[in-house]
Amino acid sequence: MMPRTLLRLAVAGAVAAGGFALATVPATAGPAEKAKPTRTVPVRLLTINDLHGNLEAPTGSSGRITDENGVVVEGAGGVARLATKIEELRTRNTAVVAAGDLIGASPLISAAYHDEPTLEILDQIGLRASAAGNHEFDEGYTELQRVMDGGCHPVDGCSPRGEWNGTSFDFLAANVLKESTGDYALPPVYIKTINGVKVGFIGLVTATTPTIVTAEGIKGLQFTEEVAAANKASRWLTARGVKAQVILMHEGDQVTQGQSPDACPVVVGAGSRIASAAAPEIDVVVSGHSHQAYICKTPDPAGQQRLYTQGSSFGRVLTQIDFQVDKRTRDVIRSTVTADNHVIRPSITPHDKIDTAVSYWKEKVGPVANKPIGKITADLSNSVDNTSPAKANPETQLGSVIADSQLAAVQSTGAQIALMNPGGIRTALRFEQSGSEGPGVVTYGEAFAVQPFGNIVQVKTYTGDQLKRLLEQQVWSVAPNGTVTHRILQVSSSLTYTFDTTKPVGQRVSNIKINGQDVTPTQSIKIAANNFLMGGGDGFSVFTESTDLFSGPVDLDAFSAYLTANSPVAPPAGGRITIIK
């Protein structure tokens with residue numbers, strides 16, 4: 001019931017119902033609050049989310065954010081600057097907490113050592129608890145336990161620091177169960193006493209995790225509905241006198257791009273649903289996952305306004321939340337709750353101790369990261385313009401190259417085509433890279449930043465009918481404002497087809513050809529893809545219909561080998577997918 005030194009609870013429960021409406025207006029006192037004078041104590045939360053091991057300030061669009069004045073800040077982030085801001089805002093009434101994806105899909109400086117560098121620095125910063133995010137499961141549940149509890153990696157051994165001691169904080173998840181026993185896989189709650197009052201933190205991870213993490217990474221785990229799990233945890237906390245309650249939630253919503261980090265509204269989605277429907281005893285919801293910055297308030301099921309925040313990603317924002325707790329009732333006075341999203345600007349002086357730690361890990365990983373592996377003739381982009389249907393085109397230069405690299409890596413199996421999920425391509429390759437070996441030179445570290453997951457290139461056999469049904473599972477939709485949302489697989493040069501967005505699902509894909517030859521429904525086709533897709537990731541369930549599995553190299557190794565063998569690599573011409581809009 002209480003493993004390690006922190007109080008935990010395994011809970012589950014029923015779904016709470018209720019509508020929602022998000023607004024920027026200040027919260028007003030609810031009917032349950034007393035009008036008479038109260039003796040209160042201040043509490044401050046400093047929160048982060050979706051750090052993804054970015055110890056250094058990210059470059060390009062990943063380091064860009066709009067501030068409160070509408071000014072675009074370049075080069076935001078960096079944990080040494082983040083630590084300085086935390087130190088500036090920290091009081092004796094402060095808890096530093098997070099909303100998940102602190103590790104996973106990380107730059108090489110952290111990922112080379114299984115994110116121990118990031119966890120070490122978060123401990124030094126004073127993190128007390130974090131929700132588990134979907135990326136915390138990237139290397140599997142056993143590995144997540146190891147990084148919390150300690151011990152060297154079972155395959156790669158100890159890092160340059162020596163034996164790993166584990167973290168002094170836990171990843172929380174009230175909605176993750178062990179399938180075999182129904183027990184909780186991770187601590188669901190953390191309780192911290194601040195100024196004599198107890199504050200309870202409930203951890204949640206998006207219930208969609210099974211569709212966005214490799215099947216092996218979550219083997220044996222069940223991810224339950226978030227509101228139900230949060231409400232049961234809330235009831236347990238309330239029964240034990242913990243009335244001040246905060247959800248740390250790895251789920252969130254989208255926003256209008258370019259808005260202030262303190263602005264609202266959001267584009268209503270899964271995060272809003274949870275923030276509005278969770279039990280009224282819960283006072284604050286800190287979110288993550290969508291990599292957005294916002295500060296909103298939403299009515300809870302009892303009609304009281306409840307704060308709902310998120311702090312961007314990659315260490316670019318630190319969220320400050322302040323409120324008063326009534327010492328008599330031990331509950332948060334909702335009318336006192338305020339929040340501010342602080343942009344971590346490049347002008348902030350780095351914290352000496354944390355800067356030294358980052359420099360240490362940068363030096364250790366340097367020889368690997370700086371090794372040249374090939375050349376490119378121009379930028380290889382991983383982005384598309386989705387601002388309107390007329391401009392939207394799902395093919396990207398880098399996606400095409402990666403698909404080609406995966407097909408080349410397993411050519412000996414007879415594989416005919418390769419498919420790649422665009423979400424697994426984390427950044428572009430730039431011809432002029434800051435810190436690279438020269439224009440056009442691609443280093444291992446730069447290639448790693450593109451594909452940091454360590455997925456395996458696999459091959460299975462499908463029929464032509466299955467390939468068509470697989471391509472029909474792709475998504476293309478247009479919002480009322482004209483923004484296009486799509487989930488279209490990147491394809492190798494051997495595959496061409498037409499996708500008609502004007503037709504209903506099931507009739508959108510036609511004219512499928514492999515090496516110029518028409519595909520028939522009954523012919524056998526060997527398809528290469530990473531193990532995330534082969535396990536049905538991103539909703540592509542047709543991938544699971546074949547079982548004759550061949551496992552090849554790690555995707556990064558395939559990509560690196562292709563860059564070396566075909567150097568210099570030029571941007572592909574495109575035209576593999578014909579889109580009818």
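Which residues of strand β29 (residues 577-580) lie on the covered face, and which on the uncovered one? The covered face holds Ile-577 and Ile-579, while Thr-578 and Ile-580 form the uncovered face. In a regular strand the side chains alternate between the two faces of the sheet. Strand β24 (residues 495-500) runs parallel to β29 and is joined to β29 by four bridges; two strands are taken to pair if DSSP finds at least two bridges between them. Phe-499 has Ile-579 in β29 as its bridge partner.

The model is predicted, with local features requiring pLDDT of at least 70 and side-chain atom pairs pLDDT 80 or more, whereas totals for chains, interfaces and linings use all residues. Residues are numbered from 1 along each chain as its sequence is written, and side-chain values use heavy atoms, without hydrogens and water.

The chain contains 13 helices and 29 strands, defined as DSSP runs numbered from the N terminus (helices H or I, at least four residues; strands E, at least two). The radius of gyration is 24 Å, close to the 25 Å that the globule rule gives for 581 residues, so the chain is as compact as a globular protein of that length. This radius is taken over C-alpha atoms, and the rule is 2.2 Å times the number of residues to the power 0.38. The C-alpha trace spans about 80 × 50 × 50 Å along its principal axes.

Of the 581 residues, 56% count as buried, that is, under 20% relative accessible area (1.4 Å probe, protein chains only). Among contacts (heavy atoms within 4.5 Å) with a separation of 6 or more, 76% involve residues 24 or more positions apart.

Definitions and conventions:
Buried < 20%, exposed > 50% of the residue type's maximum accessible area, 1.4 Å probe, protein only.
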